[in-house]
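Welcome! Please open the viewer, and let us walk through this structure one selection at a time.

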Amino acid sequence: VFGNVVQAPEDPILGVTVAYNKDPSPVKVNLGVGAYRTEEGKPLVLNVVRRAEQLLVNDLSRVKEYLPITGLAEFNKLSANPAIQENRVATVQCLSGTGSLRVGAEFLAKHYHERTIYIPLPTWGNHPKVFTLAGLSVKTYRYYDPTTRGLNFQGLLEDLNASPTGAIVLLHACAHNPTGVDPTVEQWEQIRQLMRSKELLPFFDSAYQGFASGNLDADAQSVRLFVADGGELLAAQSYAKNMGLYGERVGALSIVCRAADVAGRVESQLKLVIRPMYSNPPIHGASIVATILRDRELYNEWTVELKAMADRIISMRHLLYDALRSRGTPGDWSHIIKQIGMFTFTGLNTEQVAFMTREYHIYMTSDGRISMAGLSSRTVPHLADAIHAAVTR
Ligand code: LMR
C-alpha cells in the first residue's frame with residue numbers, strides 16, 4: 001500500500017549534517033547546522049549544565065512522573081520573566097523553539113481572527129513549513145538587502161504597513177537566522193509603533209538569546225519593548241543554543257495577554273492543543289534549566305560560559321575576515337564582522353557553495369549561510385582557501 005510513496009528530499013539544514021557524516025574526507029568541515037563547537041571542533045556541554053545535572057542526580061526525592069500538560073511550573077515561571085510579574089502571560093513548556101512555534105501557531109489558527117502570518121525574507125527554512133502545517137497562510141516581508149548585506153528597513157516598514165490590520169508578524173528576537181542582521185533598538189521602536197498602530201500581532205522567535213551581544217538582557221530588548229507597552233504578543237524561546245541543550249528539546253511558548261483572566265483562559269486552550277499532540281513535555285531538560293535559573297551562582301556561571309561562546313564566535317569572524325583580506329579575495333567581506341549571532345550570510349551563491357562542498361569538503365546550507373560556531377582557528381584557513389577559489393574561478 002505504500003508502494004507509491006515518493007522519496008522526500010533531505011531537510012535543507014539537517015540534511016547538510018547527513019551529507020557531512022557520509023563524507024570520508026579528513027579535511028571536511030560542517031558549517032551547516034547552527035550548533036556550537038569548541039575550538040577543537042567538539043560539541044560542548046556547559047560546565048553549569050553538568051553541575052545542575054549532578055544536583056538533580058543527587059536529589060533522591062526526584063521521580064519520573066508525568067509533568068502537567070503545560071510542563072514544569074517553575075521552569076515556566078522563570079522563563080516568562082518579566083511579563084509574569086503582571087500575571088498576564090500564559091507560558092507552557094514546549095519541545096524547544098520549533099515545538100513552541102508550532103503550538104503557538106496551532107493556537108492562533110484556532111483562536112485568532114487573522115490567519116495570515118508575515119515572515120521575514122529570508123528566514124529560517126523551517127518557519128514556513130511550521131506555520132503552513134498549523135493552518136496559517138504565510139506571506140513575506142522584505143528584510144535583507146543583498147546589495148548592502150544589511151537590513152532593508154524601508155522595505156520592512158513598507159511591507160508591514162501594507163499588510164492587513166491584525167496580521168501576525170514573525171520577528172526574530174535577536175541574531176536573525178540566517179542573515180545575522182538585526183534592527184537597532186531605535187528601529188525596533190519604530191517597528192513596534194507601526195505594528196501597534198496597525199494592530200499587527202508580534203510572534204517572536206527567540207532562539208539565540210545571548211548570542212547577539214553576549215548578554216541575555218541586551219538580547220531580550222526587542223521583546224521587552226513590546227511587553228512594556230502592555231499589548232499582546234507571542235514568544236517562542238529555545239534553550240538549545242544558549243544552554244547547549246540541543247537534544248533535550250527544551251523551550252517555552254509565552255502568550256502575553258492584556259489581563260490575567262485572559263491569560264488563564266488562553267492557557268486552558270493551549271492544553272487542548274498540546275494534549276493530543278504529545279501529551280506533556282519531557283522533564284529532564286526543563287529541570288536543568290530551572291535549577292540554573294533559580295540559583296544566582298549557577299545563573300552567573302551560565303552567563304560567563306554563554307559570553308565565552310559568543311566571544312569565540314566573534315573571534316572566528318575576525319580570523320575569517322583577516323584570512324580573506326590576506327588572500328586578496330575579491331569583494332568587500334566586512335559583513336563577516338558586522339553580522340551578529342551564530343551565522344554569516346556570506347553572499348556566496350548556490351553554485352559556489354556546491355563547488356566548495358565538492359572540492360573542499362566544506363558543508364553549509366545552499367543559501368550561503370555558514371555557522372561561525374562550527375569554525376576553529378585550525379579550519380579558518382581551509383574555509384578562506386575555499387571561498388577564495390569559489391569567487392575567483
Ligand atoms: C539552524 O538554523 O541551523 C538551527 O536552528 C538548527 C535547526 O534545527 O535548523
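**Where the domains touch**

Begin at the boundary: 16 residues of domain 1 are in contact with 18 residues of domain 2, where contact means that the C-beta atoms of two residues, placed from the backbone, lie within 7 Å. You are looking at a predicted model, in which local features need pLDDT of at least 70, side-chain atom pairs count only at pLDDT 80 or more, and totals for chains, interfaces and linings use all residues. Numbering starts from 1 along each chain as its sequence is written.

To colour the two parts, select 14-44 + 311-388 for domain 1 and 66-294 for domain 2; these bounds come from an automatic or database domain assignment. Their C-alpha centres lie 28 Å apart. Now pick strand β11 (residues 343-345), which gives the most to the side of domain 1 that touches domain 2, with three residues. Strands here are DSSP runs of E with at least two residues, and helices are runs of H or I with at least four, numbered from the N terminus.

**Into the core**

Next, select Val169, Phe204, Val289, Leu320 and Leu383: of the 116 residues in the largest nonpolar core, these touch the most other members. Such a core is a set of buried Ala, Val, Leu, Ile, Met, Phe, Trp, Tyr and Cys residues joined through C-beta atoms within 7 Å. A residue counts as buried if 20 or more other C-beta atoms lie within 10 Å of its own. Helix α12 (residues 296-327) gives the most to this core, with ten residues. Each of domain 1 and domain 2 supplies at least three residues to this core.

Zoom in on Leu383. Leaving aside residues up to four places away in sequence, Leu383 touches Val29, Leu320, Ile362 and Leu375.

**A buried strand**

Move on to strand β7 (residues 168-172), where five of the five residues are buried, so the strand is largely enclosed by the rest of the structure. Ile168, Leu170 and His172 lie on one side, with Val169 and Leu171 on the other.

Which strands join β7? Strand β3 (residues 116-121) runs parallel to β7, joined by two bridges, and Tyr118 stands opposite Val169. Strand β8 (residues 201-206) also runs parallel to β7, with five bridges, and His172 stands opposite Asp205 in β8. Strands pair if DSSP finds at least two bridges between them.

**Last stop: the ligand**

Finally, show Ile13, Val33, Gly34, Trp124, Asn126 and Asn177, the residues around the ligand, meaning that their C-beta atoms, placed from the backbone, lie within 6 Å of it.

Key
Buried ≥ 20, exposed ≤ 12 C-beta atoms within 10 Å, placed from the backbone.
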